[in-house]
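Okay everyone, thanks for coming. Let me put the model up on the screen and walk you through a few spots.

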Amino acid sequence: MTYLIDRRLQGKNKSAVNRERFLRRYKSQIKDAVGRAIKGRSITDIENGEKVSIPVKDVGEPSFGHAHGGVWETINPGNQEYQKGDLINRPKGGGGAGRGKAGNSDQMTEDDFIFELSREEFMNYFFEDLELPHMVKTQLTATTEFKNQRAGYNMSGTPSNIHVLRSLRGALGRRIAVGGNSRKRLEEAEAELEQLLLDGEALDAPHVVELKKLIHHLHTRLLAIPFIDPFDLRYSNRIKVPKPMTQAVMFCIMDVSGSMDETRKDTAKRFFILLYLFLKRAYDKIDVVFIRHHTAAAEVDEEEFFHSRESGGTVVSSALHLLDKIIEERYGAGAWNSYVAQASDGDNWDNDSVLCRQMLINTIMPKVQYYTYVEITDGPPQNLWEQYSQIPDHHANFAMQKIVTPADIYPVFRELFKKQPK
Amino acid sequence: MNDMTHQPSPKPRHPRALPEQSEWTFELIEQAHQEIRRVAENFGLDTYANQLEIITAEQMMDAYTSVGMPVSYNHWSFGKHFLSTEKGYKRGQMGLAYEIVINSDPCIAYLMEENSLTMQALVIAHAAYGHNSFFKGNYLFRTWTDAEAIVDYMVFAKNYIAECEQRHGIDAVETLLDSCHAIQNYGVDRYKRPAKLSMMEERARQKEREAYVQSQINDLWRTLPRREEEEAEKAAPRFPPEPEENLLYFIEKYAPLLEPWQREMVRIVRKISQYFYPQRQTQVMNEGWATFWHYTILNQLYDEGVVGDGFMMEFLKSHTNVVYQPPVNSPYYSGINPYALGFAMMTDIRRICENPTAEDREWFPDIAGSDWRKTLDFAMRNFKDESFIAQYLSPKLIREFHFFAVLDDDNNEKLAISAIHDDLGYRYVRQQLAEQYNLGNREPNIQVWSVNTRDDRALTLRHSQFQRRPLNQQAGEVLKHVARLWGFDVHLDTVAPNGEVVSTMEVKREKRARGS
């Protein structure tokens with residue numbers, strides 16, 4: 001008795017558990033890799049899977065085996081030149097002819113064990129440090145909402161989607177096209193018959209009978225053309241498109257004076273990424289503008305933003321002036337939702353901080369949706385912090401936080417995440 | 001039927017001919033299978049009942065990353081194999097193995113959905129008739145595996161280990177399995193014959209065993225003080241009285257600190273390892289036999305007109321790839337291809353039976369001119385790779401493969417060619433090649449030597465050196481795993497053939513992880 005069984009629908013993802021076990025075991029290595037990836041990647045490119053590599057010796061499954069040494073006598077195929085008694089040099093690197101096949105067959109020659117993390121897995125590791133509330137995580141990882149939209153017509157579909165007008169128009173066209181020849185001949189025949197009768201030809205004259213027969217035949221043919229054919233049917237086509245949402249612009253402002261070292265920049269980057277991810281859920285199109293500043297501010301690309309290093313003092317207001325200018329020039333007139341994320345170590349020239357506060361309260365805050373500020377320092381608050389602390393009294397859409405580790409970032413966004421994105 | 005029959009024309013179409021198409025359907029697979037079965041039965045292949053299962057590529061990867069069984073317990077290492085297989089497959093670096101067959105009754109063979117009809121027929125002939133008859137006939141499989149019970153046993157193992165994970169935590173189970181896997185090749189009885197057990201008995205005896213084994217161990221490790229004169233009177237009896245080759249068995253029975261559930265898990269790994277032991281010893285024969293039969297069966301179908309030219313071209317292309325043996329200096333060389341060697345030997349035996357030359361009559365007087373089916377059947381049933389090669393490798397094949405022996409002695413500066421395919425070399429090459437397939441030589445010979453029952457309970461393993469070959473780098477790691485299972489210090493002595501201890505390795509078990 002033989003059975004032929006279709007197993008394709010059963011047992012999908014049976015390895016999911018084993019995969020999860022593997023990730024669980026190498027969690028620390030994977031987290032390192034994710035950390036490196038966050039550093040290396042562009043902010044806008046954060047939502048992809050990642051290739052993770054782990055040194056082979058760490059994932060190895062040891063077993064007893066022979067190492068090279070002692071006496072090995074092996075049989076090999078494909079002798080071309082050797083005679084018994086020939087002496088040959090050892091192949092370099094221990095491989096090749098003299099090498100025994102014994103030992104651990106699982107041994108890989110590569111140095112690293114490389115595999116891909118899926119997007120979800122990658123995002124989970126990314127969120128893990130940030131200690132986001134669960135709801136926020138699902139909000140960020142959720143796939144975009146779609147809406148159904150008309151997209152022309154289709155040859156196939158469900159009966160309820162039949163588009164009557166289109167179908168009949170098609171049928172009419174087909175009837176005209178298919179019947180064209182017969183109709184033309186019919187008209188000719190009828191005209192000829194009329195002419196003959198006018199000329200006084202007898203009704204039973206063979207010529208007339210022939211013509212009548214032909215006219216009858218052509219009529220039948222024309223009637224045989226179906227009024228509507230399955231071929232004519234057109235269905236309204238609907239496709240899913242991501243819900244269009246309004247556009248947003250995100251400003252990243254960072255102090256790049258000498259005191260911002262690599263770790264601080266890395267923390268700042270995570271802060272920017274998080275804002276970006278949030279915006280990405282809420283808006284379809286996001287522009288990201290990078291403004292860096294020391295004593296003067298400049299708009300730069302992402303590469304330069306994170307990797308160049310300047311020294312010297314800090315004048316925060318220079319960045320705010322530039323920000324205001326860019327909003328006015330490119331993102332004004334209410335067509336854009338502006339979000340600002342500012343990161344700094346808190347240093348500023350004393351009299352500049354007051355200026356910053358005034359600028360924010362009077363000029364900038366009314367123009368932006370949300371302004372977030374993080375001060376990456378473990379020292380005591382400096383003058384900028386003190387000045388900024390007064391802003392929330394005037395504007396509710398301002399959040400600030402002093403952070404030491406990435407886990408401190410989230411509170412900055414608390415207000416932002418509380419609101420459901422429209 | 002037509003008036004052109006007198007002209008040269010293609011063979012008349014067989015009434016049950018398979019259509020020339022590459023898409024398969026269930027009906028066509030059924031039809032192909034009927035034909036293959038008919039031919040296989042005519043050739044006298046004796047098989048378990050077949051169960052053909054259509055699976056997806058993902059399921060195929062899944063099956064061969066979890067030791068090729070339809071069910072298996074969960075472990076990170078299977079996840080690792082899955083990840084690397086998936087990576088290779090998605091990048092297109094590697095095609096998937098197109099067949100997996102499970103030594104069970106009924107014999108389960110997987111057919112992958114993306115294969116063409118030709119490939120499905122090839123897999124059916126290869127796996128469902130070739131491997132299947134080998135599983136049923138070969139003495140190693142008959143002795144060591146119980147085809148009826150294995151799937152049930154795997155289900156039992158999966159459930160038991162899942163239960164242990166719930167009760168004792170994933171980490172505890174995982175570390176134990178890591179340790180067991182490290183020495184799973186040493187969980188095999190090489191000489192003792194097992195008693196067959198059915199699934200039901202196995203389960204019933206498991207509880208009993210837990211209680212009994214625990215009492216035995218307690219007795220062995222009795223801590224009651226003995227009277228001193230008795231102590232002095234006789235030297236401590238050796239334990240174990242004889243060296244034990246099955247490390248996992250020894251640990252399961254005698255490791256002092258393991259809990260009953262841990263012993264049961266050691267046993268599960270050991271049982272599975274034992275189940276796969278015959279496969280490791282019969283690679284050349286098993287693949288050679290299956291390849292020989294798919295070749296023979298499909299050619300028979302072609303001769304009968306059941307399959308057409310297009311089918312045959314596709315089949316031969318695939319078959320030729322499978323049995324290709326790159327020469328030693330090729331960049332693709334990675335040892336001797338078991339399919340190539342096995343297929344060549346099976347085909348050669350048939351040739352010796354049907355068209356023996358004078359050389360064959362001299363080398364194989366018993367089989368030259370005999371009935372090839374009987375001779376092949378006998379060879380399949382009564383040999384393993386090592387003895388099969390020693391018995392049947394003919395000078396003709398040694399010439400065809402251009403086999404040569406290379407002696408690599410680390411005392412000499414250069415490698416020496418010790419034999420080639422000439423009159424002087426045939427027997428030597430054949431003997432060496434057979435040795436190369438002797439598992440006992442391929443794996444280091446490591447056995448339990450003694451246990452210090454009176455003092456620190458240290459376990460001593462003994463590695464009897466073969467041809468002065470040293471142990472690999474991983475040995476230290478493996479020893480740590482052994483120490484974890486044993487619970488006390490573990491020593492590994494490497495001993496030269498003259499009995500002299502060459503080197504020794506030890507792992508101290510400072511602190512027991514488990515408070516007891």
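This is a predicted model: local features need pLDDT of at least 70, side-chain atom pairs count only at pLDDT 80 or more; totals for chains, interfaces and linings use all residues.

Now hop over to α7 of chain B, residues 170-182. This helix has 13 residues and reaches 18 Å from its first C-alpha to its last, close to the 18 Å expected at 1.5 Å a residue. Its buried residues are B:Val173, B:Leu176, B:Leu177, B:Ser179, B:Cys180 and B:Ala182. Those pack against α6 (150-168), α10 (247-254), α11 and α21 (475-486) of chain B.

Zooming out on chain B, we've got 21 helices and nine strands. Of its 516 residues, 42% are buried. And if you take the contacts in chain B between residues at least 6 apart in sequence, 73% of them join residues at least 24 apart.

In soluble globular proteins, nonpolar side chains tend to be buried together. Here, the largest nonpolar core has 215 residues, and the ones with the most contacts inside it are A:Met250, A:Cys252 and B:Ala109. The helix that gives the most to this core is α4 of chain B, residues 117-137, with 12 residues. What does A:Cys252 touch, once we leave aside its neighbours within four places in sequence? It's in contact with A:Phe272, A:Val288, A:Phe290, A:Ile291, A:Phe305 and A:Ala341.

Okay, on to where the two chains meet. How many residues of chain A are in contact with chain B? It's 55, and they touch 76 residues of chain B. On the chain A side, the elements giving two or more residues are β1 (3-6), α1 (16-25), β3 (71-76), β4 (87-88) and β5 (112-117). That side divides into 22 nonpolar, 19 polar and 14 charged residues.

Look at β3(A) in particular: six bridges join it to strand β4 of chain B, residues 404-409, and the two run antiparallel. Within β4(B), B:Asp408 stands opposite A:Trp72.

Technical notes
Residues are numbered from 1 along each chain as its sequence is written. Chains are lettered from A and ligands numbered from 1 in the order in which they are written. Two residues are in contact if their C-beta atoms, placed from the backbone, lie within 7 Å. Helices (H or I, at least four residues) and strands (E, at least two) are DSSP runs, numbered from the N terminus. Ala, Val, Leu, Ile, Met, Phe, Trp, Tyr, Cys and Pro count as nonpolar, Asp, Glu, Lys and Arg as charged, and the others, Gly among them, as polar. Two strands pair if DSSP finds at least two bridges between them. A nonpolar core is a set of buried Ala, Val, Leu, Ile, Met, Phe, Trp, Tyr and Cys residues joined through C-beta atoms within 7 Å. A residue is buried if 20 or more other C-beta atoms lie within 10 Å of its own, exposed if 12 or fewer, and partly exposed in between; C-beta atoms are placed from the backbone. The expected span of a helix is 1.5 Å times one less than its number of residues.
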